[in-house]
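Take the model one element at a time. Begin with a strand and its neighbours, then turn to a pair of helices.

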Amino acid sequence: MRPVTDATPLIAANAVAFDTETTGLDVKEARILQLGGMALVDGELRPDDTFETLVDPGVPIPPRSTTIHGITGQMLRTAPDFAEAWPRFEAYRGGRLLVGYALGFDLAVLEREAHRAGLLWQAPRTLCVRMLAGLVNSHLPDASLEAIAAWLEVDTSGRHRATADARIAGEIFIALAPHLAERGIRTVAEAERASSLRSQALRQQAEAGWSEPFLRRSGAARHALEAIDPYAFRHRVLEAATREPVVARDDVTVLDAARLMAERCISSLLLAADGRAAGHVADYAIVTERDVLRAIAAGGRDTLAKPVSVIASKPVISVEDDAFFYKALGLMSRKRIRHLAVSDDSGNLAGVLSSRDFLKFRAGAAVDLQARIENARTPADLAGAWSRTAVIASALLDEETDTRVIAEIISGILCSITASACHMALCEMEAEGRGAPPVPFAVMVLGSGGRGESLLAADQDNAIIFSKGAPDGPEDSWFAAFAEKFTDHLHTAAIPLCKGGVMARNPAWRGSAETWRERIGGWVSKARPQDLLNVDIFYDLRAVYGEERLVTELAAHAWKKGAERVEFAKLLGESVRNVANPFTIFGGFRQDNGRLDLKLHGLFPISALARALAIRHHLPHASTRARLEALADLPAMPRSDLLALRDAHRFLLARVLEQQVEDIAAGIPLSNRMAVDRLAPSRQKTLKDALKAVAIIPELVRSAMFAN
């Protein structure tokens, strides 16, 4: 079972719901009589996975305590003492989070018991539902378990038995998670931090001798994201693929195919009608060594004379040559295969990849992540997968990986999770009797996700295109319901709804191919910047689910129309004509509560400039980096200024991502705002230089918009 980390989402927590029964309520005198736990796996209680043991306290049980929980001295004659019982419970817990009610009392009693028994006390990581309930409902009549359970409609039958009380606490924890998410408390670290701010409740508990029901970690210990091996997130498929795959005609015999594989020392053979490479990847079949061995084992020697096509697999499963290893590894794991065809950006065969090619790369975390996304069945599953992104980003930062590469990986994970949410929604639509999609369609991710520049504070920007259907027609109504489902799933999985409303659930961001073309025509003919709010991020589109062809054709049309009308690109450039000044009159940083908004002062102006100029000069590249470099290569362009902005963009991305990783560990809600004081003086100087480069953007818009 995976240990808890700072980034573990509450709705997908692997934890143990926990409770004790004791001899009394005075922490100085109380002794443990019973330990109980119930597993909470991926946000769901498992009544079939429990721990319960009576504990011999070595002292008489007060009658008033027996009246409450029913435990008598007679029942404890064969029970283990605490020195034996607690290690057994810890083995059951296995490093998982503990959740329970009034855990400060339990922890104080447990610590005293450990000292009496001569055990080394190590406080487990815990969350108290009593503390959490107070965060979201200040109008409860009291803080009792019964009051909280009644509010959340949790059954309290079986009270005052450790396992029953653990079950009640677990159900309360599950019920609280969505209420906490509405208040921006989504992860374990965020819940710990929010609990630590309830000073009055903590003071009252301290006066009663209770322990704090969460761990306070020092600055040195706050970076608690688990370690992973980052190799599979740093390398791309093309680095390991065989670039000249061996292709044979599909009518050769099994024997000839086996001989060819033996002669070339390869473990697979691609097949095509003409025996040639470089065709579209969908036209190929594949046969492997194992296919040959299985066929001979089943059919004997006669199999060798048959056409190899009878034992081949078609179409061959493929992966893009610029995909990161983790995607290919996940695909192999999910499909239970050992070979993949490799395609180029046109969909043509570019190579072949085998599991042997990965031997030099350690890939456990990569397989785990892709498997989590591919096998997700609920939004909680998606939340668990998305939480891994912070772990990956942290490991790659430690390896000093280019932050633009990390952002591309995060964007890829975001797109994969969006696709998985779409698949869930599609299954739900069919299960509800709404049928399959009425026409071919595609879901697009827009904005930073489409550019490949998402960081950990990503929200939703998405749209839908379908082949035909009028606004408010039956097709549009179907896709409206579908979009509401998948965007709700993403929101539950900690990818929030877009505050600007750029989502397929809103009519302005879905439509037929004809509707989208009319919409684009309206955009490019508009005369006022306020009419183009959020339109520019449409040019950052990326297909993530459905018929990719619909998106490719729409993108080509949009870029063509955008370049034809200079006024359109000029108006898009207006959004960065008034760059907010990040400096005070004395040359310091203009901070709000000790933080500087690097998106407002840097990342947004740079990406908006690059996008507007790329549209103007018809350079349909995806990323800000590619757009700036392509612009810099044009004649009469201010090359040095554009490349300075490219480097500033990279520097600012790195600083925001570093801050986000630190904020996850501190339980601080994620944003694009950075604590400048955390930077060394040399980094602060570089930050000033980067922001000064951004300051030339208004002038650059004027000069570069009409450069030839």
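This is a predicted model: local features need pLDDT of at least 70, side-chain atom pairs count only at pLDDT 80 or more; totals for chains, interfaces and linings use all residues.

A15, A17, D19 and E21 point one way. V16, F18, T20 and T22 point the other way. Both sets are buried. Strand 1 covers residues 15-22, and eight of its eight residues are buried, so the rest of the structure largely encloses it. Buried here means under 20% relative accessible area.

Which strands pair with strand 1? One is strand 2, residues 32-41. The two run antiparallel and are joined by eight bridges. Another is strand 4, residues 97-100. Here the pairing with strand 1 is parallel, over three bridges. In strand 2, V16 stands opposite A39. In strand 4, the bridge partner of V16 is L98.

Now turn to the helices. Helix 5 spans residues 145-152, and helix 6 spans residues 162-182. Their axes come within 10 Å and cross at roughly 50°. Angles under 35 degrees count as roughly parallel, and 65 to 115 as roughly perpendicular. Helix 5 and helix 6 are therefore oblique to each other. Their crossing is left-handed.

Which residues make the contact? Helix 5 contributes L145, I148, A149, W151 and L152. Helix 6 contributes I168, I172, A175, L176 and H179. By class, nine residues of this contact are nonpolar and one is polar. None is charged.

Key: Residues are numbered from 1 along each chain as its sequence is written. Side-chain values use heavy atoms; hydrogens and water are left out. Buried means under 20% relative accessible area, exposed over 50%, partly exposed in between (1.4 Å probe, protein chains only). Helices (H or I, at least four residues) and strands (E, at least two) are DSSP runs, numbered from the N terminus. Two strands pair if DSSP finds at least two bridges between them. Axes are lines fitted to C-alpha atoms, for helices over the stretch in contact, and angles run from 0 to 180 degrees between N-to-C directions. Angles under 35 degrees count as roughly parallel, over 145 as roughly antiparallel, 65 to 115 as roughly perpendicular and the rest as oblique. A crossing is left-handed if the near helix is turned anticlockwise from the far one by less than a right angle, and right-handed if clockwise. Contact means heavy atoms within 4.5 Å. Ala, Val, Leu, Ile, Met, Phe, Trp, Tyr, Cys and Pro count as nonpolar, Asp, Glu, Lys and Arg as charged, and the others, Gly among them, as polar.
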